[in-house]
Amino acid sequence: MSDNLKTSSMETTWRLIFLSFAFSIIIFQIRAHPTPKVGFRVDLTRVDANGNYTKIELLQRATRRSHHRLARLIAGSVKSVAASPPTDQYSAPVHAGNGEFLMDLSIGTPPAAFSAIVDTGSDLIWTQCLPCSDCFNQPTPIFNPKKSSSYSNLPCSSSFCAALPTSSCSISSGLCNYLYTYGDSSSTEGVLAAETFRIGSPDPTAAPAIAFGCGDDNQGAGFSQGGGLVGLGRGPLSLISQLKLNRFSYCLTSLDDSKASPLLFGELAELKASTTAKLLKNEQQPSFYYLSLQGISVGGKKLAIPNGTFDLQSDGSGGVIIDSGTSITYLEEAGYKKVKKAFLDGVNLPAADGSDVGLDVCFSTPAGQDEVEVPKLVLHFDAGGSGVGDLELPAENYIVLDSSTGLLCLTVMGSSGMSIFGNFQQQNLHVLYDLEQEAVLFQPTQCDQL
């Protein structure tokens, strides 16, 4: 078998891939399916609806937000506290927004519907609350806790308050005030509270007494596509932890495919994986899902990356996380330099300047050329003693081509302090998070046929 993959540059296909990667607005419409198993399935349908931006502007926005997110993830950490009592499992509609995935849910009694960014790289659940000190515009009305009979503030003695990275106590009221900041200077600030959330469609299930941030001072342009954020990380504040979910999976269709694909929780989240990556835990940053990346091959040759480059260090630095909210993949600099050189040597095209789009390894393609050969990219994970740890990515999961300019780029960048496996690299992969077996499973899948 050839060490090269052929990737088509048909105008329509690559245009959609390029624009979707560049934080196009993609809406997932969900239809729940009844099942006798303990768990749930929701179907996701992709609908493209780009804003009034040129391709270059869209790509600049995409890479800029990914770079900012990298800074936030490297800096973020939370303290570990005891888990809360078990609850039932729940379903949730999810769709994709301006580069991140959005979740449809409602809050309070009576319920007030809103959408929130779904983030596997953080824990806190929060939404904007009235009265606002400084709130961004959101598509739905801002939640008013005074109109909800199920709302209650959490005291400073709450274990959830102790789990916040930054909090303070009100001497007069004993309330837990929080501040949660992100690497791009976005933030949410308010009071930690408990409320009933209703998750699922068309028949939502009530999840009572969920700890969340009721934010009255919220800043960040990227938040305005919804009304807040739902953390799905491993820490005690996340929705995964509060609902006691042990496994979930998703399968993202190709960026030019508008057909349905599933998001699965509970017993329905299962697959016979062709690739298994052992999950690692980081006591300093317990929210993240760390993968055990051991090496990388490009063009059929394993790169001479220094041993330990992707290892999780004893001080909590380093390691590789899988993240739903980062578009592209970032590799520790020592490994990235080897990958960069392999592609510069392995692609038979002149190198081009990709600084305008925020990418490092780019090439110029001749006008009218309808096929480009690029080297295979394989990630080698520690499978944990069972299964296979080699994940071969299809070319469309790491190469993007703008047919109008002929610019072809590698959607991988360098980093220092942490590596991230982004969602652009996860197209048409069924990805399962198994928190009981401490593993992430991958299966190449035609996601719109599941």
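I started with Ile 322 and found it in strand S20 (residues 320-322); helices (H or I, at least four residues) and strands (E, at least two) are DSSP runs, numbered from the N terminus. This is a predicted model, where local features need pLDDT of at least 70 and side-chain atom pairs count only at pLDDT 80 or more, while totals for chains, interfaces and linings use all residues. Residues are numbered from 1 along each chain as its sequence is written, and side-chain values use heavy atoms, with hydrogens and water left out.

Next I asked: is Ile 322 buried or exposed? I noted it as buried, at 1% relative accessibility. My cut-offs are under 20% relative accessible area for buried, over 50% for exposed, and partly exposed in between (1.4 Å probe, protein chains only).

I then listed what Ile 322 is in contact with (heavy atoms within 4.5 Å). Leaving aside neighbours within four places in sequence, the partners of Ile 322 include Thr 120, Tyr 250, Tyr 289, Leu 291, Phe 421 and Val 440. I also checked a C-alpha separation: Ile 322 and Asn 423 are 101 residues apart along the chain, with 8.2 Å between their C-alpha atoms.

On to the charges. Side chains of opposite charge can pair when their charged atoms come close. I counted a salt bridge when a side-chain nitrogen of Lys or Arg is within 4 Å of a carboxyl oxygen of Asp or Glu, and the count came to six salt bridges.

I looked up Arg 247 and Asp 434, whose side chains form a salt bridge at 2.7 Å, N to O. Arg 247 is in strand S14 (residues 247-251) and Asp 434 in strand S31 (residues 429-434), so this pair ties together parts 187 residues apart in sequence. Arg 247 is partly exposed at 22%, whereas Asp 434 is buried at 5%.

My next pair was Asp 382 and Lys 278, a salt bridge with the closest N and O atoms 3.2 Å apart. Asp 382 sits in the loop between strand S25 (377-381) and strand S26 (390-393), and Lys 278 in strand S16 (residues 275-280), 104 residues apart. I have Lys 278 down as partly exposed, at 31%.

Then I took Lys 340 and Asp 360, joined by a salt bridge of 3.2 Å, N to O. Lys 340 lies in helix H5 (residues 333-346) and Asp 360 in the loop between strand S22 (351-352) and strand S23 (362-364), so the pair ties together parts 20 residues apart in sequence.
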